[in-house]
Amino acid sequence: MKHLCLLLFFVTSLTRGAVQPDSTIKPVDSLRLVRLDEIVVSASRVSERLMTSPVSIERLDERQIRLSAQPSYFDAIENLKGVQLLTPSLGFKVYNTRGFANSTNVRFVQLVDGMDNQAPHIGAPIANALAPSDLDIERVEIVPGAASALYGMNALNGLAQLITKDPFTSAGLSVSQKTGVNHLSSPLTPARAYSETSLRYARTLGPRLAVRINLTYQRGYDWIARDATDLNPNANLSLGLTGAANPAADAVNSYGNESANRRSLTLNGQRYVIARTGYFEDETTDLRLNNLRGDVGVFWRIRPALTLSYRYKAATLDNVYQRTNRFRLENYRLDQHGVTLESPSVQIRIYHSRENTGDSYNIRSMAENIDRGYKSDNQWFSDFTSQFLASTRAGQPVTDALRAARTTADAGRPQPGSEQFREQMDKLRNINNWDVGAALRVRSWLYHAEGQIEPTKIHWARFREQTGIQLLMGFDYRQYVVFPDGNYFINPDGSDRNLVYYKIGGFVQASRSFFGERLKLGGSLRLDKNRYFDARLNPRLSAVYSLQAQHTLRASYQSGYRFPSLFEAFSNVNSGGVKRVGGLRVMSQGIFENSYFRTSVDAFQAAINTDVNTNRLTAEQAIQKNKGLLKSNTYTYIKPEQVNSLELGYKGLFFSQKLYIDADFYYNVYRNFIAQVEANIPRGSQPDSVAYYLADRNRQDRYRLWTNSKTSVYNYGASLGIRYSAGRNWVVSGNASLARLDRTDQGDGLEEAFNTPQWITNVGIGNQALWKGIGFSINYKYQSSFLWQSSLATGIVPPINTFDAQVSYTLAQPDRAVGPLSIKIGGTNLLNRPYTTFTAGPAVGGFYYATLTLTAFE
């Protein structure tokens, strides 16, 4: 805060003597003209002033987007207070607000003009796949924190509302060409070009009819994930084999050498843990980015205040994506049909989303099955053993013998880039069984219908006048349909009928002002029912007190529930010898009851190795000595996840409304975290032999089961945002966000990973009309290091320090802030210091771009 205040003072002093802007350029709206009247809709599902919103809400409008140093509005979201964006790919980013994130954030909802554009089988948005283009976005509203009381399932940690331009008021033709370059000075690839072409056309056909078309095509080369950090460094510690000498090394972004690809071999009386060789991600993946998305809409004003609209959105993606594994999305298709009826007091939406994973594939399965395709595991380990024994008999040191054994076992192994390698990839990407292939073949649908009405706005206006009470009521119905593919999803009844998963819900919200509109109290209650779970209530209470028109205090309390997503409920995935199974009883009955924690099995096997290698026990003696380490699985079938959240906040304007301050504090309590437990089932019928089964990797079945943590988790945080209009179009902004995991009441180790930096800070300075249509902005971001935990990889994410900047030129028309021509040249991560946003994610380097936009107004 000290540094931010000094920066504000410096810029204020600097701009007193700044060059006067060109008088022919229409001044950008100043802070004092905008802040008091900015309207948001996401906090309460109705239009309200930003200053009196009952919960924290961040707003990104066209003015801020133009001033941003980021190449797109979606990238600019990460500079908002309290928001972190994870980068699984150059093609898209993933939201994180208030913690407990992963590379597919199922606790966050993204709406486009009120329609959820998630990928149905995933249960979370694929970022900007169906999002508006830069040419069509009007504003973005982010609600960090629980929003389940009004929006239902998944809105547990936050919500983003992307609002597009009205074709009746923003008609005309706009074309944008963005050209960029990344991978400068990369040791893995030469510099790569990036291109993004966008078109928007909107036209009114008389006073009542309008049409709108958008199209965006992206081409580029994705960021590369090639972290060589060993995830299994202590596998052979008892033998002194560490670092480069460790024959069980598992590099973060190398696949085919994970736990399922390792064995314990007894060689010369000692037990070695040996892994197959594996391939790095960029060796088994096409990193070319080819994304096409667009939408078409028809809008009919039945009456001046009543509009019926139809929208169709579609996207085809070719880029990398991450869940529990890394995937290559290829010819991945997602589309949505939607119809909306809107009036000042009534909104009705019906939409249908379809998802088809096309020719996508699992990168890990691709790597390990290329290995197995030329030589089975049994043959590879046999060849390794034979050569190792031969080498040691010849007097070679152990480290040399291990290298020679691997070279022999790898003989004939397909080399990346070779014809043999490409043939194997082409073959495996069409086999929809991850034990022997790599294809991802999922088709899923989503149906959604919702409506809301403000009866006191028009129909019950007399009631509102007499009581002062404003009412809002709504309902929704959602149904998921999945086509069983035999690998990712199966019907638990054994048939090939589609899986159907639905929920229904509704809410009522009431508010009233007191003391001459200075105090506004509000409350809402939502009821949701899922096919497999009992009905759940989500209440919210809020209060907003206006000390003056320019200073408000707010407080809210709410609870929220999240029903399991399709994947968490119904998955049935075989992957590298591990089966991931949904947590519903119909999917996992009998597995929970008969399994043992994998952590205890791993500890048991490691103890056996140590006793054999260092204490000179026989394998049988070591098994008998350590069998007490085995622990039965104590978890059971999945239940809904819950959060209780308290939030306090303040908004204020100072210095003749030039300085805007927004601060908030929150405290959350989570229960029944939906997480995964890894457990092994012995493959045998003799109870007395369980320890012997679990000592041998070939005599047990491994599972990863969706269930709930027994731990209650507490976390808190705070954020502060400042924006100062220094005059003469200078704007200085800054924000800082704190997020902390407070405590757990049991610490059972299964609670979902927090995966959030303690501190995120942004500081920016800019002037959109510095001189003769020229503007600029600079932004600095700091993010502290943090622990990332996931089933793919766990590690420390290093701190991030980046600078972004842009220079722009706008040829403005006399009566418009934006003219027919604008040019923007900029860069993100200007110093080109690669960073990762999560462990196993790609390294993000410098990205440098130039954007030319032409607009022809109707």
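Predicted model: local features only at pLDDT ≥ 70, side-chain atom pairs only at ≥ 80, totals over all residues.
Let's begin with a pair of helices. Helix α6 covers residues 363-374 and helix α9 covers residues 419-428, and their axes come within 10 Å of each other, crossing at roughly 115°. The crossing is right-handed. If you'd like to find the contact on your screen, look on the α6 side for M366, N369, I370 and G373, and on the α9 side for F421, Q424, M425 and L428. Sorted by class, five of the residues in this contact are nonpolar, three are polar and none is charged.

Hold on to F421 for a moment, please. Which residue does F421 form an aromatic pair with? The partner is Y279, and the pair is edge-to-face, with 5.2 Å from centre to centre and 70° between the planes. This pair links distant parts of the chain: Y279 sits in strand β18, residues 279-280, while F421 belongs to helix α9, and 142 residues separate them.

R413 lies in the loop between α8 and α9. Setting aside neighbours within four places in sequence, R413 is in contact with T277, G278, Y279, D371 and Y374. R413 has a relative accessible area of 12%, and because the cut-off for buried is under 20%, R413 counts as buried.

Now compare another arginine, R372, which is found in helix α6. R372 has a relative accessible area of 22%, so it counts as partly exposed. R372 and V436 are 64 residues apart in sequence, and their C-alpha atoms are 8.1 Å apart in space.

Let's stay with helices for one more pair. Helix α7, residues 377-393, packs against α8 at an angle of about 140°, and the axes are 8 Å apart. This crossing is right-handed too. On the α7 side, the contact includes W380, F384 and F388, and on the α8 side it includes V398, L402 and R406. By class, the contact has nine nonpolar, four polar and two charged residues.

Back to aromatics, and to the whole structure. How many aromatic pairs does the structure hold? There are 34. Another of them joins Y73 and F74, edge-to-face, with 6.1 Å between centres and 70° between the planes. Both Y73 and F74 are buried. There is also an aromatic cluster made up of F92, Y321, F327, W434, Y488, F489, F567 and W706.

Next, the strands. As a quick reminder, strands of a sheet pair through backbone hydrogen bonds, either parallel or antiparallel. Strand β13, residues 192-204, and strand β14, residues 209-221, run antiparallel and are joined by 10 bridges. Here L199 stands opposite L215 in β14. These two strands form a hairpin with four residues between them, and G206 takes a positive phi near 85° there. On to the next pairing: β14 and strand β19, residues 288-303, are antiparallel over 13 bridges. In that pairing, the bridge partner of I213 is V296 in β19.

Two open sheets are left. For β3, the pairing with strand β10, residues 137-144, is antiparallel with four bridges. D61 has R139 in β10 as its bridge partner.

The other open sheet also has five strands, ordered β30-β31-β36-β35-β32, and the pairing is again mixed. Which strands are at the edges? They are β30 (572-575) and β32 (596-597), each pairing on one side only. β32 pairs with strand β35, residues 674-682, in the antiparallel sense over two bridges. In β35, N680 is the bridge partner of Y596.

Key
Residues numbered from 1 in each chain as written. Heavy atoms only, no water. Axes fitted to C-alpha atoms, helices over the stretch in contact; angles between N-to-C directions. Left-handed = near helix turned anticlockwise from the far one by under 90°. Contact = heavy atoms within 4.5 Å. Nonpolar A, V, L, I, M, F, W, Y, C, P; charged D, E, K, R; others polar. Pairing = 2+ DSSP bridges. Phe/Tyr/Trp six-rings, centres within 6.5 Å; stacked < 30°, edge-to-face > 60°. Buried < 20%, exposed > 50% of the residue type's maximum accessible area, 1.4 Å probe, protein only.
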